[in-house]
Amino acid sequence: MTAPTLLVSQSGQLTQGLSAIVSAHSDGPVTTFVTDRPEDNQYYLSPATVEAVEQRCSDSDDGPATVVVDGEMHPGQSVDLQTRLSPVTVRDKRAAVWEWLGEANPVAATCLELQQARIARRAAAAEQRDAAEQGPSGTSGSVTAHDERIQELRDTLKKRRTAARQRVQTSYSSVDGRVVLLGRVSAPTTPIWAALTETTATATVGRPAQPTTAMATVGPHTLAVTDTPGILGSHGVPDWLQNALPGLTAAIEQATCVLGVGEGCETLLTAVAEEFDVRCRTLPSDTESAARDALDTLLETSEFAVKLPYSDAAHALVSDLHGEATVHATEYDDAIYVRVEVSQATARDLHRRVSEVDGDVQPYNSSE
């Protein structure tokens, strides 16, 4: 977006997080205009709001070059408002968010392109009707061309959504669990994710543009931890945002648990838990240690008493266990005795590996 930008809401308040995203994407100052008025059928914005915005656009050379409407306009409203405010560029909140995400998210970029194609098709249809009213005319190919472009974009969007979901569904298949960090816009999910996964990442509003996953070790668990874009609003994940983030829904569907980060995440987690039937927990503080404590509580483990012979293979296994699991005690006597805690997902693998070195493994009983 080119500056300056005017963000307009007539619901009495701005959608939480929208101003931060618009500001991050704008080259210059962003001002806001908030009213409390009903939606207009023609312009979406009420007549009084449109007049006030027109005045701001024409007041001086410093008037807004872009108007972002905090709402979801249908194509006809977009065409009429764009025509009324021309040459100012008009976006609704979906387009503003898709445009920002689309810089690094092909699905979001396609969502925006499809919306713009539908608006262009509506404008072409209106122009064709006006021309027909003024006199005889042949069948215009313009609307047909837009229809073909819309279908092409629909097909592209479907393919990109499927590919994004499959990347999430088929990656990290060998982990003990999957964790999704989720929060509102500007929630510090990225610093926590970077600390857990020992990855270098910069916290930026509206980033990552699509879910990003890396491996982390928490106690005896090997986890796939996913960082996610901040979620606008005060409820769950809007449908239009889910459409641009198919990897997010795929990650939540597969998640062992979802950790809520930052202020205002409680209502978000409630909605996610109801929609996806997944365990959700709110972190008491925005720190790596809080995330680790929460995961230690949520993730199930089993303790085993392992007896190993003295052999090179057994010594190698003991060394591996110290790096892969939580070893509570090791004793060298007539044999090597190890008390080890592993994730339930890797318990079967532990039995196999111990058997391969001619050892024995039993559930640990603290009373013995």
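Q: What secondary structure does the chain of this predicted model contain?
A: The chain of the predicted model has 13 helices and 13 strands.

Q: Why is the chain called more spread out than a compact globule?
A: The globule rule gives 21 Å for 368 residues, whereas the radius of gyration of the chain is 27 Å. The latter value is well over the former, so the chain is described as more spread out than a compact globule. As for its extent, the C-alpha trace spans about 100 × 45 × 30 Å along the principal axes.

Q: Why is C111 called buried?
A: Buried requires a relative accessible area under 20%. C111 has a relative accessibility of 5%, and therefore counts as buried.

Q: What makes C257 a buried residue?
A: The relative accessibility of C257 is 0%. Because the cut-off for buried is under 20%, C257 counts as buried.

Q: Why is Y172 called neither buried nor exposed, but partly exposed?
A: Partly exposed covers the range between the 20% limit for buried and the 50% limit for exposed. The relative accessible area of Y172 is 29%, so Y172 is partly exposed. Y172 sits in the loop between α6 (142-170) and β5 (177-183); although not a glycine, Y172 has a positive phi of about 55 degrees.

Q: What makes D277 count as exposed?
A: Exposed means over 50% relative accessible area; D277 has 72% and therefore counts as exposed. The loop that holds D277 runs between α10 (265-276) and β9 (280-282). D277 is not a glycine, yet its phi is positive, at about 55 degrees.

Q: Which omega values accompany the cis peptide bonds from S86 to P87 and from R207 to P208?
A: Omega is near 15 degrees for the cis bond from S86 to P87, and near 5 degrees for that from R207 to P208. P87 is found in the loop between α3 (75-85) and β4 (89-92), while P208 is in the loop between α7 (189-197) and β6 (212-218).

Terms used. Residues are numbered from 1 along each chain as its sequence is written. This is a predicted model: local features need pLDDT of at least 70, side-chain atom pairs count only at pLDDT 80 or more; totals for chains, interfaces and linings use all residues. Side-chain values use heavy atoms; hydrogens and water are left out. Helices (H or I, at least four residues) and strands (E, at least two) are DSSP runs, numbered from the N terminus. The radius of gyration is taken over C-alpha atoms; the globule rule is 2.2 Å times the number of residues to the power 0.38. Buried means under 20% relative accessible area, exposed over 50%, partly exposed in between (1.4 Å probe, protein chains only).
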